[in-house]
Amino acid sequence: MEMVGILAARILLTAVFIQSALNKILNSAGTQQFMESNGVPSVLLLPTIIVLVAGSLSVLLGYKARIGAWLLIGFLIPATLVFHTDFSDPMNQVQLMKNLGLMGGLLMIAIVGSGSLSIDGKTA
């Protein structure tokens, strides 16, 4: 049961990052405009998409999941600090707390690993 739980956690944890990557790909012009309006150079869009896709697939499939988790944490820290620190806005407060929760789940993957129902688990 534990191995199924870890797999379910990896699926749920990566869903938000996969959706975010797809949104950035499908609406790249809007994403670039949003980034620039917050002082982030739009040239960082492609590296952001690469980190989101690589990190998500890594954690989801359990292939080098610890590295993938650190990649996603590395994305979340600056994204949270740039986009979600307006504490006068209740939605930003929610987004900040969501990101902290995601970082907690990713930190657990980074420490514990991806479990036995994963590519890493099959090769161990």
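Colleague: Which helix gives the most to the nonpolar patch?

Modeller: In this predicted model, α1 gives the most to the nonpolar patch, supplying four residues. Both α1 (2-26) and α3 supply at least two residues each.

Colleague: What makes I18, L22, I25, L26, V53, L57, L61, Y63 and I119 a nonpolar surface patch?

Modeller: Patch residues must have over 30% relative accessible area, and nonpolar side chains are joined within 5 Å. The residues named make a patch of about 810 Å². One of them, I119, has its place in helix α6 (residues 119-123).

Colleague: How do you know how helices α3 and α4 are placed relative to each other?

Modeller: Helix α3 (residues 45-61) and helix α4 (residues 65-83) pack at an angle of about 145°, and their axes lie 8 Å apart. The crossing of α3 past α4 is left-handed.

Colleague: Which residues make the contact?

Modeller: From α3 come T48, V51, L52, A54, G55, S56, S58 and V59, and from α4 come A65, G68, A69, L71, L72 and F75.

Colleague: Why are some residues of this contact of α3 with α4 called polar?

Modeller: The contact divides into nine nonpolar, five polar and no charged residues.

Note on methods:
Residues are numbered from 1 along each chain as its sequence is written. This is a predicted model: local features need pLDDT of at least 70, side-chain atom pairs count only at pLDDT 80 or more; totals for chains, interfaces and linings use all residues. Side-chain values use heavy atoms; hydrogens and water are left out. Axes are lines fitted to C-alpha atoms, for helices over the stretch in contact, and angles run from 0 to 180 degrees between N-to-C directions. A crossing is left-handed if the near helix is turned anticlockwise from the far one by less than a right angle, and right-handed if clockwise. Contact means heavy atoms within 4.5 Å. Ala, Val, Leu, Ile, Met, Phe, Trp, Tyr, Cys and Pro count as nonpolar, Asp, Glu, Lys and Arg as charged, and the others, Gly among them, as polar. Patches are made of residues with over 30% relative accessible area and no salt bridge: like charges are joined within 9 Å, nonpolar side chains (Val, Leu, Ile, Met, Phe, Trp, Tyr) within 5 Å. Accessible areas come from the Shrake-Rupley method with a 1.4 Å probe; for residues, only the protein chains shown count as cover. A salt bridge is a side-chain nitrogen of Lys or Arg within 4 Å of a carboxyl oxygen of Asp or Glu.
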